[in-house]
Amino acid sequence: MQYLVGARSATIRFGDFTAVDRVDLEVGSGEVVGLLGANGAGKTTLIRMLLGLLIPTRGSVSLFGGRPSRATRRRLGYVPQSLGLYDDLTVGENWAFTTAAFGIAESTLPESVAGYRHELVGDLSLGLKRRLAFAVAFSHDPGLLVLDEPTSGVGPLSSSHLWEDIRASAERGTGVLVTTHNMEEAEQCDRLVVMAEGRVVAAGTLGQVIGDRHVVQVDCADWRGVFAALDGDGLIVQVHGSRLRVPGTPEHVAGLLHRHDLGGDVSAVPANLEEAFVDIVTKASPR
Amino acid sequence: MTWGLEGGTVTFGAKTAVDDVTLQVTPGSVTVVVGGDGAGKSTLLRALVGLVRLSGGRAQRPGKQAIGYIPATAGLYVDLTVEENLAFVARAYGVSGSDCRTRSEELLERIGLTETRSRLGGQLSGGMQRKLAVAMALLHRPELLVLDEPTTGVDPVSRAELWRLLSGAAAEGTGVVVATTYVDEANRGSTVLLMDQGKTIAAGSPSDIIGAVPGTMGVVRGSDRPPGQSWRWGTSWRVWAPADDLPDGAEPVAPTFADAVMVAALASQQVV
């Protein structure tokens with residue numbers, strides 16, 4: 001299979017510091033790949049390398065089958081978290097500027113933002129700004145889209161519109177690489193790549209990344225007492241209403257509750273992506 | 001004593017930033033306020049802690065010394081060390097020297113920042129800064145703790161640590177209010193308030209909000225948008241049929257919390 005973008009054992013060092021360590025990653029046509037990682041895990045450095053803005057110290061990177069260059073970058077759409085729009089230009093002017101920069105002779109403002117043509121971008125809501133940034137990034141029909149936290153900060157309706165745009169684009173054959181801390185967003189990707197300390201520590205579909213990890217769930221009347229007991233034992237307890245979820249085995253947790261003379265229904269339940277992520281990342285890079 | 005707002009309204013000139021919102025904060029519990037940009041979350045929290053005057057409704061809050069509040073940006077001093085930041089708020093809230101030391105140690109241990117006590121606030125990573133800001137707001141053991149988007153942009157590992165800290169405060173009896181844009185964080189609260197454009201679009205426990213979804217939810221696989229009210233979820237579509245008339249080919253499913261949030265947002269748009 002021909003990948004749109006690919007890294008082969010890509011490594012980048014800054015002095016003694018290895019920011020990206022032997023990373024393999026591919027994005028194929030029509031695929032939405034989520035790139036997850038703790039802050040400082042090397043995601044941004046990896047992306048800068050995939051775009052050709054940093055040269056790998058070792059290994060290789062290919063963009064549209066060649067070395068990343070000005071010519072290959074033309075076929076790429078990138079939406080940074082800062083969006084890259086001009087606040088004091090109107091929607092129409094932002095559009096005209098970018099399409100001109102990409103050398104698109106004839107272009108019409110997409111329907112999704114056409115109603116705001118004469119408004120200054122600085123006056124738009126964040127949801128609309130993101131939609132415009134997407135439209136601008138999609139304007140030259142890119143083969144690959146790189147989106148940084150694409151729905152960060154927007155409400156549910158705007159977020160669903162943005163995902164409709166992303167999916168429609170993927171269905172036309174565009175490959176999409178999404179970086180996100182939002183687990184709900186990550187769950188919508190076709191495939192996930194998890195990084196920690198510069199390395200890929202897990203990859204695959206949502207189900208493959210979670211694997212057969214389980215957490216212990218405690219349903220109890222006195223969540224505060226149970227929280228204090230488990231937290232005091234050093235467990236990272238997550239409270240969901242009056243239900244608690246902790247890593248570990250039901251036997252261990254039941255034992256702790258028994259020792260503190262506390263009641264509660266203890267059971268093992270499948271971990272969610274966030275819990276799996278915390279488990280994978282903390283095991284890969286113990287603090 | 002319950003803290004909160006009753007029919008809270010805040011106007012700025014002609015703009016109504018918060019429109020008749022009721023929020024109840026029970027000691028020993030976590031209330032999560034969920035909404036996107038411009039929903040009115042920050043103004044609501046500022047009205048709750050008394051930083052913005054209400055133009056309508058009533059607020060019930062403890063005295064200033066019993067409130068801990070962190071705005072969406074910063075909440076710490078970048079040119080003070082971690083320890084100095086904690087000592088500074090201790091002085092401001094009249095926490096004695098020895099109590100400050102014990103409490104600081106305990107909080108630093110909990111947020112995993114013991115080793116960084118001599119580092120400048122500005123040298124910490126974003127996630128560490130948020131954790132320190134929360135520790136600073138907790139130092140004087142407030143009765144009401146109000147946090148504006150403490151987890152935005154924070155990675156899931158730091159987020160789990162932050163939530164552990166907030167749950168711990170609630171377990172000790174503090175009333176905790178947290179604003180977030182991440183819909184999945186609503187599950188952390190015993191009470192959730194969903195906001196859009198200054199208004200409440202749904203409120204209650206997460207299971208109440210799911211239970212209140214009228215009609216039937218369905219899922220349709222494939223790339224074509226099904227008729228009716230639908231939105232994308234991964235490679236499939238979620239369809240909401242308020243009158244139980246799911247389109248052909250839709251498989252009925254139980255609504256998720258994310259579905260309930262979409263339904264509340266769609267329903268609120270139709271009323272306008």
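What percentage of the contacts in chain A between residues at least 6 apart in sequence join residues at least 24 apart? The share is 70%. The structure discussed here is a predicted model, and the points below take up its parts in turn.

1. **Overall composition of chain A.** Chain A contains 11 helices and 13 strands. Its C-alpha atoms occupy a box of roughly 75 × 45 × 35 Å along the principal axes. The chain has 287 residues, of which 45% count as buried.

2. **Domains.** Two domains are assigned in chain A: domain 1 covers residues 3-209, and domain 2 covers residues 214-270. The C-alpha centres of these two domains of chain A are 40 Å apart.

3. **A three-stranded sheet.** Strands β2, β1 and β4 of chain A form an open sheet in the order β2-β1-β4, with antiparallel pairing. The edge strands are β2 and β4 (58-63) of chain A, each of which pairs on one side only. On average, neighbouring strands of this sheet are turned by 25 degrees against each other, if direction is ignored. Between β1(A) and β4(A), the antiparallel pairing extends over five bridges. As an example of a bridge, A:Arg8 has A:Ser60 in β4(A) as its partner.

4. **Positive phi values in two strands.** Most residues other than glycine have a negative phi. Against that background, two residues deserve attention. A:Ser9, in strand β1 (residues 5-14) of chain A, has a positive phi near 50 degrees although this residue is not glycine. A:Arg22, in strand β2 (residues 17-27) of chain A, also has a positive phi near 50 degrees and is likewise not glycine. Are these residues buried or exposed? A:Ser9 counts as exposed because it has 12 C-beta neighbours inside 10 Å. A:Arg22 has 15 other C-beta atoms within 10 Å and is therefore partly exposed.

5. **Helix α1 of chain A.** Why is helix α1 (residues 43-50) of chain A described as largely enclosed by the rest of the structure? Six of its eight residues are buried, and the description follows from this. The buried residues in α1(A) are A:Lys43, A:Thr45, A:Leu46, A:Ile47, A:Met49 and A:Leu50. After α1(A) comes A:Gly52, which has a positive phi near 85 degrees.

6. **Packing of α5 and α6 within chain A.** Two packed helices are described by the angle between their axes and by the distance between the axes. For α5(A) and α6(A), the angle is about 10 degrees and the axes are 9 Å apart. The two helices are therefore roughly parallel. On the α5(A) side, the residues involved are A:Gly127, A:Arg130, A:Arg131, A:Phe134 and A:Phe138; they meet A:Ser158, A:His161, A:Leu162, A:Asp165 and A:Ser169 in α6(A). By class, this contact comprises three nonpolar, four polar and three charged residues.

7. **The interface between chains A and B.** How many residues of chain A are in contact with chain B? There are 39, and they touch 40 residues of chain B. On the chain A side, the elements that give two or more residues are α5 (126-138), α6 (156-171), α7 (183-186), α9 (223-232), β11 (238-240) and α11 (273-284). The largest share of this side, eight residues, is supplied by α6(A). The side of chain A that touches chain B divides by class into 15 nonpolar, 16 polar and eight charged residues.

8. Helix α11(A) packs with helix α5 (residues 156-171) of chain B at an angle of about 110 degrees, with the axes 9 Å apart. The angle makes α11(A) roughly perpendicular to α5(B). In this contact, A:Glu274, A:Phe277, A:Val278, A:Val281 and A:Thr282 of α11(A) meet B:Pro156, B:Val157 and B:Ala160 of α5(B). The residues of this contact are six nonpolar, one polar and one charged.

How values were computed:
Residues are numbered from 1 along each chain as its sequence is written. Chains are lettered from A and ligands numbered from 1 in the order in which they are written. This is a predicted model: local features need pLDDT of at least 70, side-chain atom pairs count only at pLDDT 80 or more; totals for chains, interfaces and linings use all residues. Two residues are in contact if their C-beta atoms, placed from the backbone, lie within 7 Å. Helices (H or I, at least four residues) and strands (E, at least two) are DSSP runs, numbered from the N terminus. Ala, Val, Leu, Ile, Met, Phe, Trp, Tyr, Cys and Pro count as nonpolar, Asp, Glu, Lys and Arg as charged, and the others, Gly among them, as polar. A residue is buried if 20 or more other C-beta atoms lie within 10 Å of its own, exposed if 12 or fewer, and partly exposed in between; C-beta atoms are placed from the backbone. Axes are lines fitted to C-alpha atoms, for helices over the stretch in contact, and angles run from 0 to 180 degrees between N-to-C directions. Angles under 35 degrees count as roughly parallel, over 145 as roughly antiparallel, 65 to 115 as roughly perpendicular and the rest as oblique. Domain bounds come from an automatic or database domain assignment. Two strands pair if DSSP finds at least two bridges between them.
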